[in-house]
Amino acid sequence: MNFAIFGSLFGGLGLFLIGMRMMTTGLKQAAGGSLKRILGEWTKNPARGLFSGFIITAMVQSSSAVTVAVIGFVNAGLITISQSVGVIYGSNIGTTITGWIVASVGFSVNMKSLALPMIAIGALMRLSGPNARRSFFGDAFAGFGLFLIGIATLQTSFNGIESSIDLSQFANMGLISIPVFIGIGLILTVLMQSSSAAMALVLTATVSGLLDLNQGAAAIIGTNIGTTSTAALSVIGATVNAKKVATAHIIFNIATALTALLLLPVIINSILFLTKMVGIEHEPAVILALFHTIFNILGVIIFWPFTSRLVDFINRRYAKSGDDRTLPQYLDSNVIGTPTLAIDALNLEMERIGEVTRTIVRNGLNSNFSYAAMSSDKEIQNSLIEASRSFCAKLQSRPLTEVQGQQVATALRVLQYFRTAGALSSSIEKKRLKPDLEKLGTDADLVSVFMNSCLGVLNIADNPSSDEFCKIDNMIHDMLSAYHDLKAKLLSAGGKGNIPVPEMVEQLELFSKIRRITRQTAKGAVYLTAMNPASGICCPTNTVKFAWNRHW
């Protein structure tokens, strides 16, 4: 094999991979909320999940994208593990469409005559609206054009090396050759991290005569096993729900591949008989695409009655993995590639952080900031904030719309508010908060009024979906009035010598910190609500900002 053929082979593979990536990313970005809406509405039961998994995978040409979306929905509690398994079934059938595209377009159409106009259309769509939705469709069109050119280049390369590579010796090994080509398909998928690319390579090699049908079929079984490597690698350090979904995917793919291996001669001979009847027995790409589809459908038929048992097994396997409260429940690197889902996950995780922060502040107010679990709650808060910041940094490196960019910026702002509230709470732990009220010259418990006002703000912040949340600025105003009354009394008592000046200064600093703690916690709740304006929840951001700018 000379250098030119070698370069053509890997160059064609590179074009194919780049094209697949552009096409998949473009379609995911163009789908945006539609992907979320379709999966959210169409997965109410395993049967509908199977259908939606098939349709979405066939559309975006990436089972990984669908698996990531499923992880996001399971994390959010929108669908159950049982429903997600149905989507995985459908996704595995949907990913076989790649083989049909290669078989029907790649070897029966003048690919350059189709590919170059698609690249041109894609470029025009991208240039005419770089920030519009059509730019993502443009990427998908251009990606499909590169996909076709990659196939054409691979086909030419295999035709060039067919005479210099003799694989007949493997065919003469009988059944032993099957595991060899399963291994080849597996290795190709692991190396390229794309079962679609490995599938195209196998089909092209078979059509070019480099592999026979049995060898090609064995290699396809290997790609089905190899695609589990993506799922296995993706869950390293991932959430428990991500691990559950990935485990279901791995079990199903491996079991389906083993079934295909056991029935390989039966399926291939049946396909040959069928294709001979319709007059296409000399189309190896079609035969292998049909083989790929049939054994995945067969896998679903076999697994379907045992879905509940599979889910029970997975839930038992990870029963104790979700107990560590310092670990994120919703943040998962798998959803980074789909910003809509990633921002939803971030929003949910920050709601957890908000709950932990309000717990710290509320328990602090009720216990002189000295309750027993304060240090452990602070550890949870710090861990989740750091994980969320890291997630935001990864998300910012992705192509985001203007709205998504603003949402990430708001998320970072919210995290800073919560972090400040937690840090201030720790700084006044076990401090004496109640001065001698008699020396202040008043019968009213000004400290209690102020503290209760702070608790009132926290209680409203707990329920952003309630009508009362719209009035949070009024509650903040009442809290500020109580603070200023208390501050005035402390200053007056210190000026008259009723209390020592050092004690007055200490108390002023303490109550000022409590005021700021409440303010930061309220800000976090309000701006967190502002991250999702489509939710329909009342967001009093403008009125609260006015109150902050005026009083704080």
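The legends below describe an overview and several close-up views of a predicted model.

Residues are numbered from 1 along each chain as its sequence is written. In this predicted model, local features need pLDDT of at least 70 and side-chain atom pairs count only at pLDDT 80 or more, while totals for chains, interfaces and linings use all residues; side-chain values use heavy atoms, with hydrogens and water left out.

**Figure 1. Overview of the protein.**
The protein has 24 helices and 0 strands. Helices (H or I, at least four residues) and strands (E, at least two) are DSSP runs, numbered from the N terminus. Of the 552 residues, 52% are buried. Buried means under 20% relative accessible area, exposed means over 50%, and partly exposed lies in between (1.4 Å probe, protein chains only). A contact is a pair with heavy atoms within 4.5 Å. Among contacts between residues at least 6 apart in sequence, 78% join residues at least 24 apart.

**Figure 2. Helices α5 and α17.**
Two packed helices are described by the angle between their axes and the distance between the axes. Helix α5 covers residues 81-94 and helix α17 covers residues 307-317; their axes come within 10 Å and cross at roughly 120 degrees. Axes are lines fitted to C-alpha atoms, for helices over the stretch in contact, and angles run from 0 to 180 degrees between N-to-C directions. The two helices are therefore oblique to each other. Angles under 35 degrees count as roughly parallel, over 145 as roughly antiparallel, 65 to 115 as roughly perpendicular and the rest as oblique. The crossing of α5 and α17 is right-handed. A crossing is left-handed if the near helix is turned anticlockwise from the far one by less than a right angle, and right-handed if clockwise. On the α5 side the contact involves I81, S82, V85 and Y89, and on the α17 side T307, L310, V311 and N315. These residues divide into 5 nonpolar, 3 polar and no charged. Here Ala, Val, Leu, Ile, Met, Phe, Trp, Tyr, Cys and Pro count as nonpolar, Asp, Glu, Lys and Arg as charged, and the others, Gly among them, as polar.

V74 is found in helix α4, residues 63-75. With a relative accessible area of 6%, V74 is buried. Leaving aside neighbours within four places in sequence, V74 is in contact with I79, T80, I81, S84, N241 and V245. V74 and V245 are 171 residues apart along the chain, and their C-alpha atoms are separated by 8.4 Å.

**Figure 3. The salt bridge between R126 and D139.**
A salt bridge is a side-chain nitrogen of Lys or Arg within 4 Å of a carboxyl oxygen of Asp or Glu. By this rule the count comes to 6 salt bridges. One of them joins the side chains of R126 and D139, at 2.5 Å from N to O. R126 lies in helix α7 (residues 111-128) and D139 in helix α8 (residues 133-161), so the pair ties together parts that are 13 residues apart in sequence. R126 is partly exposed, at 27% relative accessibility. Leaving aside neighbours within four places in sequence, D139 is in contact with M22, M23, G26 and R126. The C-alpha atoms of D139 and R21 are separated by 9.6 Å, and these residues are 118 apart along the chain.

**Figure 4. The salt bridge between R358 and D462.**
The side chains of R358 and D462 meet in a salt bridge of 2.5 Å, N to O. This pair links distant parts of the chain, 104 residues apart: R358 is in helix α18 (residues 339-366) and D462 is in the loop between α21 (446-461) and α22 (472-496). R358 is buried, with a relative accessible area of 7%, whereas D462 is partly exposed at 31%.

**Figure 5. The salt bridge between R389 and E386.**
The side chains of R389 and E386 form a salt bridge, 3.4 Å from N to O. Both residues lie in helix α19 (residues 374-396), 3 residues apart, and are separated by about one helical turn. R389 is partly exposed with a relative accessible area of 26%, and E386 is partly exposed with 47%. Elsewhere, salt bridges that share partners join R358, R362 and D462 into one network.

**Figure 6. Helices α18 and α23.**
Helix α18 packs with helix α23 (residues 501-530) at an angle of about 160 degrees, and their axes are 10 Å apart. That makes α18 roughly antiparallel to α23. Their crossing is left-handed. N347, M350, E351, T357, R358, V361 and L365 in α18 meet I514, I517, T521, A525 and L528 in α23. The residues of this contact divide into 7 nonpolar, 3 polar and 2 charged.
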